[in-house]
Amino acid sequence: MTEQTLSADGKSAPVPADAGDAGYDKALKPRHVNMIAIGGAIGTGLFLGAGGRLAQAGPALAIVYAVCGLFAFFVVRSLGELILYRPSSGAFVSYAREFMGEKGAFVAGWMHFLNWSTTGIADITAIALYAHFWSFFTPIPQWVLALVALAVVLALNMVSVKLFGEMEFWFAIIKVAALVTFMGIGIFLLVTQQPIDGNTPGFSLISDHGGIFPAGVLPMVLIVQGVVFAYASVELVGVAAGETENPRKIMPKAINSIMWRIGIFYVGSVILLTMLMPWDAYSKQESPFVTVLSHIGVPQAGNVMNLVVLTAALSSLNSGLYSTGRILRSMSLAGSAPKFTGVMNKNHVPYGGILLTSAVCVVGVGLNAVVPSQAFEIVLNFAAVGILGTWAIIVLSHLLFVRKANRGEVERPSYRLPFSPYTEIATLIFLAAVVVLMGFDETGRITLYCLPIIGLALVAGWFGVRKRINMDVFEKTKL
């Protein structure tokens, strides 16, 4: 079946329908989608990562969060316009297929799989580490906790998309509630001028400790490549569109909300943190929120925040299994992924792709058994490449979509990425700059060394599947 959209001259313009979108249960409600959008924008990059980055760059971290958040919004807004043109569970893989050809879809899909399968390993490692915070779990080996976490989230993901939506809804509620509570406490301390460790909260804690750039501009620039990955889940809202009732109504609101939530939760939190305590009071060994709460005598602050970051890791694992299952199904029906990843169970869940991702995560369980102290850093190198590749393909697909619309071949929806094509070009330049900045970091250099290996694997993979590519995955009619 081919969808129809109404063009500016009142004529009906056909839109190709992706065969990979058939069979899904439209069970995600507006509240699920809104919370998936929030959850994708808030994770451990803020709850844990902000402490070390504050210690490195000071208050300038707020500027970095704002700039990186703006480009992350450009990526998801590009995806949003494509969603309104044609909602698809294949998301950016389906759009890459339409505007870049099956090679583009192949790269998009496997880069996304690389990102989320390795992120899944990082997530189960993080879950095990956070569980060890409590003495009850200390005697249990790290790899056992990682395996249990994977098994539980995998089982729940297999039940139905509605259960996935409910899990993400409550995971997001916990994260937002924690941030809102902290910001409420922080604002109260700021307004009442309650001293913390002898320091009176206020802008003077910034101005009297080196200003906005206490360590200079260079540290601010160098942390950009780390901050970008704090927003690495924002694109997942696009995958949810294919299982949402009336996505053309729900998605614009959910996507637009990402921008102000980044502004409040990331930028606002960092500004508040720097006005409550000096920037050099924070460290990468501790969540900055725990640092503040413990210094004002809030009982069990560490336990509460550990629960929050544990929730964030579970949410990330849950989302990764969900999205890779849908993406791999879209690729399978086109012939560019194993055939078994295209199958669904009776609950309309593409379990083949979910199981493949889980199988890679089991490798992570092995890493937790063999090198538990290094498992987290090893896999993050590969996840970084996958994130940048996925974002770049989303922006490129949108750019090609706009060019096609300018030729009158497709019709752009009224919900559009502002200032196109300059926005896309600026975003691609920014992503390229992040790759360059990775070379200044020891972990980032390891990632760059892996690029030729990943490139060769993609080329070899393409030559392995090209003879069985299904060119009729779209049901097309001539415009």
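Is the crossing of helix 5 and helix 6 right-handed or left-handed? Let's work up to that in the first exercise, keeping in mind that this is a predicted model.

**Exercise 1. Describe how helix 5 and helix 6 are arranged, and say which residues bring them into contact.**

Solution. 
- Step 1: Start with the axes. Those of helix 5 (residues 91-100) and helix 6 (residues 102-131) come within 6 Å and cross at roughly 160°.
- Step 2: Classify the angle. Angles over 145 degrees count as roughly antiparallel, and therefore helix 5 and helix 6 are roughly antiparallel to each other.
- Step 3: The crossing of helix 5 and helix 6 is right-handed.
- Step 4: Find the contact. Helix 5 contributes Phe92, Val93, Ala96, Arg97 and Met100, while helix 6 brings Glu102, Gly104, Ala105, Ala108, Gly109 and His112.
- Step 5: Sort these residues by class. The contact of helix 5 with helix 6 has six nonpolar, three polar and two charged residues.

**Exercise 2. Now do the analysis for helix 7 and helix 15.**

Solution. 
- Step 1: Helix 7 (residues 142-159) packs on helix 15 (residues 301-334) at an angle of about 50°, and their axes are 10 Å apart.
- Step 2: That angle makes helix 7 oblique to helix 15.
- Step 3: Helix 7 and helix 15 cross in a right-handed way.
- Step 4: On the helix 7 side, the contact uses Ala149, Leu150, Val153, Leu154 and Asn157; on the helix 15 side, Leu314, Leu317, Asn318, Leu321 and Tyr322.
- Step 5: In this contact of helix 7 with helix 15, eight residues are nonpolar, two are polar and none is charged.

**Exercise 3. How many salt bridges does a search of the whole structure find? Look at three of them, and place each partner.**

Solution. 
- Step 1: Recall the idea. Side chains of opposite charge can pair when their charged atoms come close.
- Step 2: Count. The search finds seven salt bridges.
- Step 3: Take Arg31 and Glu166, whose closest N and O atoms are 2.3 Å apart. Arg31 belongs to helix 1 (residues 30-41) and Glu166 to helix 8 (residues 161-192), so this pair ties together parts that are 135 residues apart in sequence. With 36% relative accessibility, Arg31 counts as partly exposed.
- Step 4: Take Glu98 and Arg86, where the closest N and O atoms are 2.9 Å apart. Glu98 sits in helix 5 and Arg86 in the loop between helix 4 (61-85) and helix 5, twelve residues apart. Buried means under 20% relative accessible area, so Glu98, at 11%, counts as buried. Arg86, at 1%, counts as buried too.
- Step 5: Take Arg326 and Glu243, which meet in a salt bridge at 2.8 Å, N to O. Arg326 lies in helix 15 and Glu243 in the loop between helix 12 (236-240) and helix 13 (247-276), so the pair ties together parts 83 residues apart in sequence. Both Arg326 and Glu243 are buried.

How values were computed. Residues are numbered from 1 along each chain as its sequence is written. This is a predicted model: local features need pLDDT of at least 70, side-chain atom pairs count only at pLDDT 80 or more; totals for chains, interfaces and linings use all residues. Side-chain values use heavy atoms; hydrogens and water are left out. Axes are lines fitted to C-alpha atoms, for helices over the stretch in contact, and angles run from 0 to 180 degrees between N-to-C directions. Helices (H or I, at least four residues) and strands (E, at least two) are DSSP runs, numbered from the N terminus. Angles under 35 degrees count as roughly parallel, over 145 as roughly antiparallel, 65 to 115 as roughly perpendicular and the rest as oblique. A crossing is left-handed if the near helix is turned anticlockwise from the far one by less than a right angle, and right-handed if clockwise. Contact means heavy atoms within 4.5 Å. Ala, Val, Leu, Ile, Met, Phe, Trp, Tyr, Cys and Pro count as nonpolar, Asp, Glu, Lys and Arg as charged, and the others, Gly among them, as polar. A salt bridge is a side-chain nitrogen of Lys or Arg within 4 Å of a carboxyl oxygen of Asp or Glu. Buried means under 20% relative accessible area, exposed over 50%, partly exposed in between (1.4 Å probe, protein chains only).
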